Amino acid sequence: MREVLDQWNFVIAAYALGIGGTLAMVAWSWISMRRAEARREEARKK
Amino acid sequence: MHAFANPKRFLSLARWLTPLLLVSGLLLAGAALLYGLLWAPAERLQGDSVRILFLHVPTAWLAMGGWSAIAISSLVELVWRHPLASLAARASAVPGAVFTAICLATGSLWGRPAWGTWWVWDGRLTSMLVLLFLYFGYIALAQAVDREGASSRIPAIFGLVGAINIPIIHYSVIWWNSLHQPPSITAGKSAMSPEFLIPLLVATFGFSLIFGGVVLARMRALLAEIQAEARLRRKALGDSASRGRGVTA
């Protein structure tokens, strides 16, 4: 018997994973950069 | 290239380039993905699952591009001792690993409706999985080297040796039998119709800008951490020296 798959489920899962992963990476890299630069400024002031 | 070896010069460039690359990349990739999801036509044989192409192919190219960047930066570090080359290699590892993971996951989600299986242990899929493990190994090694204060040449050598996997990934679909299709786009030629090719190239350009923006952000973070640590160490040394003078006086 041939299995019937709704291709849109796979497309939506792939887009959610790809977009979510990319946005999470961009947010993490931006926030960690700002935190590290703030720590450097703090160290300069000490 | 040596003109940008100076961290001050690098920072003056990276300060405005980082947000520019990230914002323009997100806009371009977002527009191409929206087109792929809503307006791209279904393919004759693969139906709607072909829309995964606009995510899968750019992330696959950038997964390989990320390790190529690590290998080139490692070579520059080993040969010319360029002060920012080690940072560039380390900064390329996380976005490279994330794009490899997205490529593998979207490929699996495309394989299920197209091939009838989530995974096969063929040359292309296996060599991409090896690339993901190489990224994990590189990240762990770079962190261990920082923690233990060992030579930064160790991850650089690992980065160069790992580059052997890149031509294996590229030629795997030619060398071995595979469910994975051979490349549709080669230098100057494409077997794709423009309605797929143009948004695919736009998505690839957008994801490349995001990759570049993340690499710059990681480089700035690593550089700031090194500078903060050096500053605190100098301060601690200065304090202990003045205490020492106080005791002897």
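This is a predicted model: local features need pLDDT of at least 70, side-chain atom pairs count only at pLDDT 80 or more; totals for chains, interfaces and linings use all residues.
Reader: How many residues does chain B bring to the contact, and what area is buried between chain A and chain B?

Author: Chain A brings 29 residues to the contact, and chain B brings 42 residues. Carbon and sulfur atoms give 75% of the area buried between the two chains.

Reader: Which residue of chain A forms a salt bridge with E225(B)?

Author: Over all chains, the rule gives eight salt bridges, and two salt bridges are found across the interface of chain A and chain B. In the bridge of E225(B), the closest N and O atoms are 3.8 Å apart, and the cut-off is 4 Å, so the pair counts as a salt bridge. The partner of E225(B) is R39(A).

Reader: Which helices hold the side chains of R39(A) and E225(B), which meet in this salt bridge?

Author: The side chains of R39(A) and E225(B) meet at 3.8 Å, N to O. The pair crosses between chains. R39(A) lies in helix α1 (residues 7-45) of chain A, and E225(B) lies in helix α7 of chain B.

Reader: In what order do the elements of chain B run from the N terminus on?

Author: Chain B has seven helices and two strands. Along its principal axes, the C-alpha trace of chain B spans about 90 × 35 × 30 Å. From the N terminus on, the order of elements in chain B is α-α-α-α-α-α-β-β-α.

Reader: Which element gives the largest share of the lining of the second largest pocket?

Author: The second largest pocket holds about 760 Å³ of space. Its lining has 25 residues, and E225(B) is among those nearest the centre, together with R90(B), A142(B), D146(B) and L222(B). Elements giving two or more residues to this lining are α3, α4 and α7 (194-248) of chain B. The largest share, seven residues, comes from α7(B).

Reader: How many charged residues are in the lining of the second largest pocket?

Author: The lining of the second largest pocket includes 13 nonpolar residues and five polar ones. The charged residues in this lining number seven.

Reader: Which element gives the largest share of the lining of the largest pocket?

Author: The largest pocket has a volume of about 920 Å³. Of its 36 lining residues, V57(B), W110(B), H180(B), Q181(B) and S184(B) lie nearest the centre. Two or more residues come from each of α2 (53-80), α3 (85-115), α4 (123-148), α6 (165-175) and β1 (185-186) of chain B. The largest share, eight residues, comes from α3(B).

Reader: How many charged residues are in the lining of the largest pocket?

Author: Among the lining residues of the largest pocket, 23 are nonpolar and eleven are polar. The number of charged residues in this lining is two.

Note on methods: Residues are numbered from 1 along each chain as its sequence is written. Chains are lettered from A and ligands numbered from 1 in the order in which they are written. Side-chain values use heavy atoms; hydrogens and water are left out. Contact means heavy atoms within 4.5 Å. Buried area is the accessible area (1.4 Å probe) that two parts lose on being put together, summed over both. On a 1 Å grid over the protein atoms alone, a cavity is a set of points where a 1.4 Å probe fits but cannot get out, and a pocket is an open set with protein on both sides within 12 Å along at least five of seven lines; lining residues have an atom within 4 Å of a point. Grid points are joined across faces, edges and corners, and a volume is the space filled by probe spheres set on the points. Helices (H or I, at least four residues) and strands (E, at least two) are DSSP runs, numbered from the N terminus. Ala, Val, Leu, Ile, Met, Phe, Trp, Tyr, Cys and Pro count as nonpolar, Asp, Glu, Lys and Arg as charged, and the others, Gly among them, as polar.
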